[in-house]
Amino acid sequence: MRALPVLMAAAALFGSVQLLRGGGGEAASEPTPPSGSYKLVANGDEASCAVKRGAEISDGLSLLTVAANCRRILPGIERAKFWREQDDDTIAFSANGIDPIVTFGIADGDGYESYAPALPLLSLAASN
C-alpha cells in the first residue's frame with residue numbers, strides 16, 4: 001500500500017518534467033507560430049526587402065517595421081508602421097493603423113500576395 005503513493009508521485013514528477021521540456025505527446029506535434037520576420041518581393045523583379053511584424057497592440061493590429069530600402073519596391077511603403085490582420089484573412093500595412101498602403105491576400109503557396117494597389121504585384125513570405 002505504501003508503494004502506490006510513491007508511484008503516483010513519481011508519475012506526476014515525470015509528467016511535469018516532460019511538459020517543461022516540451023515532450024508531452026500532442027503538445028509536441030502542434031505547429032510552431034509563424035516567424036515575425038518576412039521577406040517582401042516585387043514579382044517579376046529581383047528587388048526584395050525585409051519587414052518585421054512586432055508586438056500585437058490590439059486585436060488584429062500589430063506594430064510593423066519596414067526596411068528603408070522597401071521604398072524601391074513600392075514608394076511610400078517605408079511609412080507603414082502597422083500590420084492589420086482582417087477577419088477575411090487579408091493583411092494590410094498602414095501608417096496610421098486604418099488606411100492601407102498595401103493589402104495582401106493569402107497566396108496559392110506559402111505567404112501572401114498583394115492585390116491593392118494592383119501594381120506592382122508583391123509577395124510576402126516568412127523568412128528565417
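Hi everyone, let's begin with burial: this chain has 128 residues, and 27% of them count as buried. Please keep in mind that what we are looking at is a predicted model.

Staying with the surface for a moment, the chain exposes about 8,600 Å². Carbon and sulfur atoms supply 57% of that area.

Now, how is the chain built? It contains one helix and eight strands.

Next, contacts. Take those between residues at least 6 apart in sequence: 29% of them join residues at least 24 apart.

That brings me to the cysteines. How many disulfides does the structure hold? It holds one, and the partners are Cys49 and Cys70, with 1.9 Å from S to S. For anyone new to this, a disulfide is a covalent bond between the sulfur atoms of two cysteines.

Where do these two cysteines sit? Cys49 lies in strand E2, which covers residues 48-58. Cys70 is in the loop between strand E3 (61-66) and strand E4 (82-85). The two are 21 residues apart, and the pair links distant parts of the chain.

Are Cys49 and Cys70 buried or exposed? Cys49 is buried, and Cys70 is buried as well.

One last point on this pair: why is the disulfide of Cys49 and Cys70 called right-handed? Because the torsion about its S-S bond is about 105°.

Key. Residues numbered from 1 in each chain as written. Predicted model: local features only at pLDDT ≥ 70, side-chain atom pairs only at ≥ 80, totals over all residues. Heavy atoms only, no water. Helix = DSSP H or I, 4+ residues; strand = E, 2+ residues; numbered from the N terminus. Buried < 20%, exposed > 50% of the residue type's maximum accessible area, 1.4 Å probe, protein only. Contact = heavy atoms within 4.5 Å. Areas by Shrake-Rupley, 256 points an atom, 1.4 Å probe, with all protein chains shown as cover. Disulfide = S-S within 2.5 Å.
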